[in-house]
Amino acid sequence: MMHLAVPGFLAAALLVNAPSFAQALSFDQLADRLRSAIIADNQRQVLSVIEQIKATGQPAGNEILFFEGQARYRTGDTSNAFPVLVRYVNAVGQNGVNYPAAIQMLDAMEAKNAPYRNQMVQIIEGLIAAENATGARQRLSEAQQRLPGDQTLATFEPRIAKLEADAQRLRPRRERDLAVQQAALETCKADFQRTSSIGTIVDVKPDWAFAVVQFSGAVKPGPMEVVTADGPVITAKPGKVTGPNQLSISVGKEIAQVQVGQTVRRTYVAGETPACADAERMVKQLRQQLGL
């Protein structure tokens with residue numbers, strides 16, 4: 001069972017500060033309530049009484065830090081328990097009455113959060129390497145709210161602050177670069193659409209909402225679209241092979257717009273077109289750097 005040093009440290013605080021009789025009575029009553037809550041293992045009551053003790057403005061010694069940290073730990077508030085217990089062990093050293101118990105709780109919190117901390121370190125390192133200041137800041141904030149005062153993550157603060165300063169300074173140039181790369185990507189996508197014809201509609205089955213495509217080469221199932229006469233593009237889902245270089249495609253309720261002779265082309269999908277890969281990569285990178 002842990003030693004409860006409540007009466008002693010509160011009495012010492014009273015003597016040092018020599019408050020009025022009314023203040024001493026109130027403070028002494030709170031000390032009794034705190035002792036009772038600790039003995040009863042009522043951790044929420046412990047926290048409530050400690051907040052009242054703090055409100056008196058009277059120093060209550062170091063052991064109260066342990067009981068606050070323990071109460072926060074046992075009620076699941078580990079992110080606030082950790083720094084309080086660290087303050088306690090730093091203040092009392094190894095000779096503190098509750099030093100071993102405090103170290104045990106600190107070790108337990110560290111072990112529990114180690115996998116998440118390691119994951120966040122890798123993620124934040126990647127975002128910093130990509131010069132994504134906004135993403136790095138968000139991830140650091142998330143981790144600091146969840147982790148109990150981890151010093152490893154605290155070291156990211158100056159690096160992210162520098163990234164944010166650089167991002168502000170470079171923003172006008174990056175905005176111009178983004179406009180250029182977006183235009184290049186749109187041009188590349190348009191070129192792809194002009195040259196991506198893979199077949200022609202040879203049969204339409206309106207009752208079943210599907211059509212048959214004759215491919216110019218081997219059947220190429222995958223994302224595709226039908227180019228209608230008046231301009232709209234209809235997304236098509238590949239179906240079954242119906243003959244040599246033929247494939248059925250489902251177009252749903254837009255089947256009425258599909259006619260024999262219309263062109264079928266591959267749908268542009270980001271990341272699948274080598275010719276546009278550089279522009280896509282630059283657009284993504286610049287948007288991240290701009291926090292968009």
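Biologist: How do the axes of helix H6 and helix H9 cross, and at what angle?

Modeller: Angles under 35 degrees count as roughly parallel. In this predicted model, the axes of helix H6 (residues 99-129) and helix H9 (residues 156-195) come within 11 Å and cross at roughly 25°, and H6 and H9 are therefore roughly parallel to each other. The crossing in which H6 passes H9 is left-handed.

Biologist: Which residues in H6 and H9 meet?

Modeller: From H6 come Val 121, Ile 124, Glu 125 and Ile 128, which meet Phe 156, Arg 159, Ile 160 and Leu 163 in H9. The residues of this contact divide into six nonpolar and two charged, with no polar ones.

Biologist: Turning to the strands, in what order do they close into a barrel?

Modeller: In a regular strand the side chains alternate between the two faces of the sheet. Here six strands close into a barrel in the order E1-E2-E5-E4-E3-E6, with antiparallel pairing, and the twist from one strand to the next averages 45°.

Biologist: How many bridges join strand E2 to strand E5, and which residue stands opposite Gln 214?

Modeller: Strand E2 (residues 210-215) and strand E5 (residues 246-250) run antiparallel and are joined by five bridges, with Gln 214 opposite Gln 246 in E5.

Biologist: Which residue takes a positive phi in the hairpin of E4 and E5?

Modeller: Strand E4 (residues 233-243) pairs antiparallel with E5 over four bridges, Pro 238 having Ile 249 in E5 as its bridge partner. Their hairpin has two residues between the strands, and Asn 245 takes a positive phi near 55° there.

Note on methods. Residues are numbered from 1 along each chain as its sequence is written. This is a predicted model: local features need pLDDT of at least 70, side-chain atom pairs count only at pLDDT 80 or more; totals for chains, interfaces and linings use all residues. Side-chain values use heavy atoms; hydrogens and water are left out. Axes are lines fitted to C-alpha atoms, for helices over the stretch in contact, and angles run from 0 to 180 degrees between N-to-C directions. Angles under 35 degrees count as roughly parallel, over 145 as roughly antiparallel, 65 to 115 as roughly perpendicular and the rest as oblique. A crossing is left-handed if the near helix is turned anticlockwise from the far one by less than a right angle, and right-handed if clockwise. Contact means heavy atoms within 4.5 Å. Ala, Val, Leu, Ile, Met, Phe, Trp, Tyr, Cys and Pro count as nonpolar, Asp, Glu, Lys and Arg as charged, and the others, Gly among them, as polar. Two strands pair if DSSP finds at least two bridges between them.
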